[in-house]
Amino acid sequence: MTKMKRKTSARVVYYGFGFPVTLRNVPMVHVRGAWTPDVNYEHLQQALLRVLAEKPARLSGGEVRFIRLAAAMTLQEFAKRFGVTHPAVMKWERARTRATSMGWSTEKDIRLDVISRLKEQPGQFFKIYRKLESQPTRRAAPLALDVTSVA
Amino acid sequence: MDIKAVIGSGWHEKAKDRFRAEHSAWSYAIRGKTVDKRALRVVISFEPDEDGELLLLVTAVDLDA
């Protein structure tokens with residue numbers, strides 16, 4: 001068995017979740033002629049959901065789609081869960097990298113639903129609820145995540 | 001997430017399995033539907049590292065594109 005080449009990249013912009021995420025301190029492995037992130041994507045997904053729930057800017061269309069798919073919900077199921085029509089969800093997701101047009105109360109509900117699915121401690125849920133009392137900016141804010149914090 | 005949905009509920013598409021001589025490894029095809037009901041083929045292959053652990057390599061092909 002040959003020893004694989006490994007390195008740590010200070011910054012990798014990853015598009016695999018449907019929107020750009022800047023990953024920092026990414027362990028990389030050289031496999032079959034290409035460098036690829038050597039990360040547990042399940043853990044990365046969970047960490048990203050946690051970051052999105054507290055994101056200091058409104059959610060983009062791609063981020064809403066990511067949240068929906070992480071919950072394994074169809075457009076119809078997601079719409080029903082949040083009391084809107086499925087064309088409304090399609091419209092949000094079409095915003096892609098821009099902030100969606102949804103009301104803040106709906107977005108807050110979505111963010112709290114994310115936290116409830118992550119099975120955070122009740123104290124943590126309350127802390128985030130209080131944090132979401134102030135509405136974040138509509139300006140686009142790219143996400144960044146330090147991979148060393150992802151187990 | 002689409003890949004996870006297909007691996008969890010798809011079927012083994014044996015006719016698309018291939019032996020990759022350049023890597024001395026088999027790749028296996030799984031076909032299924034995403035959460036949004038799009039047809040997806042997921043091709044998986046394994047690469048052993050120096051510790052004998054297997055790295056999972058995944059390629060996805062959107063069949064509705």
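Welcome! In the largest nonpolar core, which has 24 residues, Leu52(A), Phe66(A), Ile67(A) and Val114(A) touch the most other members. The model is predicted, so local features need pLDDT of at least 70 and side-chain atom pairs count only at pLDDT 80 or more, while totals for chains, interfaces and linings use all residues. Residues are numbered from 1 along each chain as its sequence is written, and chains are lettered from A and ligands numbered from 1 in the order in which they are written.

- A nonpolar core is a set of buried Ala, Val, Leu, Ile, Met, Phe, Trp, Tyr and Cys residues joined through C-beta atoms within 7 Å.
- Buried means 20 or more other C-beta atoms within 10 Å of a residue's own, exposed means 12 or fewer, and partly exposed lies in between, with C-beta atoms placed from the backbone.
- Two or more core residues come from each of strand E2 (21–31), helix H1 (41–53), helix H2 (61–70), helix H4 (86–94) and helix H5 (104–117) of chain A.
- H2(A) gives the most, with five residues.
- Helices (H or I, at least four residues) and strands (E, at least two) are DSSP runs, numbered from the N terminus.

**Positive phi in chain B**

- Most residues other than glycine have a negative phi.
- Ser24(B) has a positive phi, near 50 degrees, and sits in the loop between strand E2 (18–20) and strand E3 (25–33) of chain B.
- Ser24(B) counts as exposed because it has 7 C-beta neighbours inside 10 Å.
- Lys37(B), with phi near 65 degrees, lies in the loop between E3 and strand E4 (39–48) of chain B.
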